[in-house]
Amino acid sequence: MKFRDEYRDPEAARGYAEAIARITTRPWMLMEVCGGQTHAIVRYGIDELLPDGVTLVHGPGCPVCVTPAEYIDKAIEIADRPGTTLCSFGDMLRVAGTKGDLFGAKSRGGDIRVVYSPLDALRITRENPTREVVFFAVGFETTAPANAMAAYQAMREGLGNFSMLVSHVLVPPAMRTILDGATNRIQGFLAAGHVCTVMGFEEYFPIAAKYRVPIVVTGFEPLDILEGVYMTVRQLEEGRAEVENQYSRSVRREGNRPAQEIMAKVFRVIPRRWRGIGDIAESGLGLSEAYASFDAETRFGPVSSGPEAETECISGLVLRGDRKPPDCPAFGTRCTPEHPLGVTMVSSEGACAAYHRYRGIPRPPLKAAS
Amino acid sequence: MSKPDFSPACPAPAGDGGTVQLAHGGGGRAMERLLDTVIRPAFDNAQLARRHDGAVLDLNGPIAFTTDSYVVKPLFFPGGDIGSLAVNGTVNDIAMCGARATHLSVGLILEEGLPLDDLRRVVASMRKAADAVGVQLVTGDTKVVDHGKADGLFINTAGLGPVVARSPIGPAEVRNGDAIIVSGDIGRHGIAVMAAREGFGFETVIESDCAALGDPALALVEAGIAVHCLRDMTRGGLASAAVEIAETAGVAMALDEAAIPVREDVRAACEVLGLDPLHVANEGRFVAFVAAGDAKRAIEILRGFAVSAGAAQIGAVTESPAGQVASRGVLGVSRVVDMLSGEQLPRIC
């Protein structure tokens, strides 16, 4: 396929792997931020092509994984109400809150529609003027502009029966939290290419400078990731800590300005709780005052957050990069995609699900994160 | 003076009103009329003409027997419809037993309000699919359920036919070293139905691969190919078929991702939706496990049929670890192929 196969060329991949091995003189631990990158790494076995010293650990960039349980509870509560329709991306349906998941609500008769775009939710709103239609708006900066556009459009059209349950999160504050952690081992980042397509990469300069970590904006194809690793390792070996852009075919320094403008109009930055990680200041997006009337929490009551339930699941440590999925004693035994103990096993972008799907259970971890 | 435009017409309602009514399932006149005007003319054959409670068949020797229910939304999609699916699906299940389907039963569950024209299209399509492979629809049943209780129309078909294969065919016969052959490119049906249902508007219209597989499958058997197992790759796709067989047979499988045929448009749609073509449903493709020495000849035979012209070897059966299917990716690193854990869910971003 054009514009894709050239980024999966085995010869070129070997070339990059050899180049990385040539410049690596010491062990380095890098984190890929985005769940899409994690998936590609595990699916194509990119970590197996790397020299022994270079370890990739998986970051918090799985939107389904970090959405707090109480938001899923709220979505279920809304879906269970007569006269409401809940629209959600398909990924979210399987994730359990504290009391079941959206599939369960659907089987009880809740009107839950899987949509591929927030604009589908608007269409459903127009077609059902007597129903309250709620869109479950989750994700990082990647999905935020389209979701903002849905609210913007709803206001322009005066769609009074439309609202959004918003649990948006932002990447840079999460990276800071990981770097501030007492046990942090991350020495360099592959930043999430699609997030930077929207936001650009200027906001990473202060992080690279403060924490002395190289940050390389990286794409999602195997060669993108290998080149991102190469650029990060080269910086580390040369003692540099800069922001570089591997994914220049999609990302500009300033990002996508119209997308940022619509986000700024519709959303405001607020503190957010991340599932498995905890509360992070200024790490999320909520609806701005001008759009408060489209907030499902105004219409159906606020999301109430209690303490996270204690389980043997280590997904919080996995999301912070402190552990790899096979390090968990429950991995593949008491925790499987059919009976997940934690969100990283549920979502298709979760690191545990990726390991389970592409590595299976019997194989020992290829490179323990020790 | 021009004549007034006047045509005499009976003011009483036409009865059927163009849609299925609950009365059509009531066992009375309305039901008889539906059967006489829509169902029986479409399926017309000597068995049905007897208007008996069941078909009486004269069968000898080992018989393969199967049943399947069909629920698909939308009822009509590029490359097929629920009617052709309901005939081909059951015919294919029989073919995978090394047998040739001869007779089918048809159970129709109609939703109140289904346009009669849709029903006519579906039964005509069933007849056409049945005629194409020489099977007769010899007994049936029709029920009507309240509006909202079915997606327009559900179909159950059961089928049977004499076994052609002389040696057993099934997962337990698969052995170490067997060649794994698919009958053509994978993933088309699932993407076609998903695109039609969700209205994705891809640049090209992807057509379902819905087709009968009896001819190519039985040609292998009749040519004396050592066929150990046949499986149509329906729900769950190639991955589910392979994993299920590996687990039952207690063998491992090594697939070569580059050798698995997937059309460019299907591949692109899977990329966009975050789906793995190995998990996507097919309705006109099967995977065959044959003795390694027969692989080349088997592929040549399959390529002689339009429906399996794209046949290719995609891997081989290996000894261990039992139950594990591995696939060597484009970068040369192997990954584990697993069944879908639940429904196929497109990802967020």
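So, β4 (residues 103-111) and β5 (residues 136-145) of chain B run parallel and pair over nine bridges. Pairing here needs at least two DSSP bridges between the strands, and the elements are DSSP runs numbered from the N terminus: helices are H or I with at least four residues, strands are E with at least two. This is a predicted model, where local features need pLDDT of at least 70 and side-chain atom pairs count only at pLDDT 80 or more, while totals for chains, interfaces and linings use all residues. Residues are numbered from 1 along each chain as its sequence is written, and chains are lettered from A and ligands numbered from 1 in the order in which they are written.

Back to that pair. G107(B) sits opposite D141(B) in β5(B), and E111(B) has V145(B) as its bridge partner. To get from β4(B) to β5(B), the chain goes through helix α4 (residues 116-133) of chain B, in a right-handed β-α-β crossover. Right-handed means that, with the strands pointing away from you, the path from the first strand over the helix to the second runs clockwise.

Both strands belong to an open four-stranded sheet in chain B, order β1-β6-β4-β5, with mixed pairing. β1 (63-70) and β5 of chain B are the edges, each pairing on one side only. The twist averages 10° from one strand to the next.

Now the helices. The axes of α3 (residues 82-95) and α4 of chain B come within 7 Å and cross at roughly 30°; axes are lines fitted to C-alpha atoms, for helices over the stretch in contact, and angles run from 0 to 180 degrees between N-to-C directions. The crossing is right-handed, that is, the near helix is turned clockwise from the far one by less than a right angle. Among the residues meeting there are V87(B) and V91(B) from α3(B), and M126(B) and A129(B) from α4(B). Contact means C-beta atoms, placed from the backbone, within 7 Å. By class, that's 10 nonpolar, four polar and no charged residues, with Ala, Val, Leu, Ile, Met, Phe, Trp, Tyr, Cys and Pro as nonpolar, Asp, Glu, Lys and Arg as charged, and the others, Gly among them, as polar.

And how many residues of chain A are in contact with chain B? It's 33, against 23 residues of chain B. α17(A) gives the largest share of chain A's side, three residues. That side has 15 nonpolar, eight polar and 10 charged residues.

Conventions: Two residues are in contact if their C-beta atoms, placed from the backbone, lie within 7 Å.
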